[in-house]
Amino acid sequence: VSLGDFTSGGELCVEGEKEDGSEVYIVQTKNKIVRVDGRYVHWVRSHAGGDRYSLIFFNTGKLESEGATKREKAVHSWNVKS
């Protein structure tokens, strides 16, 4: 989840299945909880209009989605654009 008074940008970007990095999922995290596997390459887009804070939780246990595709493991959200 990202919090703050920023007005634009700040989306979380997560690389998809393509090895060349040409597939990137854009995840809206402002005031929304999303689940992302942080072992996949990811970054945050620049933001404007105020401060942006990230609240991050880690789980070091076994993944529940072992039978899932790489994309399903990398990003689990209802607000994803590819």
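Biologist: Which residue lies over the face of Phe6, at 5.8 Å from the ring centre?

Modeller: A charge is placed over a ring if NZ of Lys or CZ of Arg is within 6 Å of the ring centre and within 35 degrees of the ring normal. Here Arg52 lies over the face of Phe6. Lys30 also lies over the face of Phe6, at 4.4 Å from the ring centre. This is a predicted model, in which local features need pLDDT of at least 70, side-chain atom pairs count only at pLDDT 80 or more, and totals for chains, interfaces and linings use all residues. Residues are numbered from 1 along each chain as its sequence is written, and side-chain values use heavy atoms, without hydrogens and water.

Biologist: How many bridges join strand E3 to strand E4?

Modeller: Strands pair if DSSP finds at least two bridges between them; helices (H or I, at least four residues) and strands (E, at least two) are DSSP runs, numbered from the N terminus. Strand E3 (residues 12–15) runs antiparallel to strand E4 (residues 24–27), with four bridges. Within this pairing, Cys13 has Ile26 of E4 as its bridge partner.

Biologist: In which sense do E3 and strand E6 pair?

Modeller: E3 and E6 (residues 42–44) are antiparallel, with three bridges. Here Val14 of the chain is partnered by His42 in E6.

Biologist: Where is Leu55 found, and what is its relative accessible area?

Modeller: Leu55 belongs to the loop between strand E8 (52–54) and helix H1 (70–74). Its relative accessible area is 43%, so Leu55 is described as partly exposed (buried means under 20%, exposed over 50%, partly exposed in between, with a 1.4 Å probe and protein chains only).
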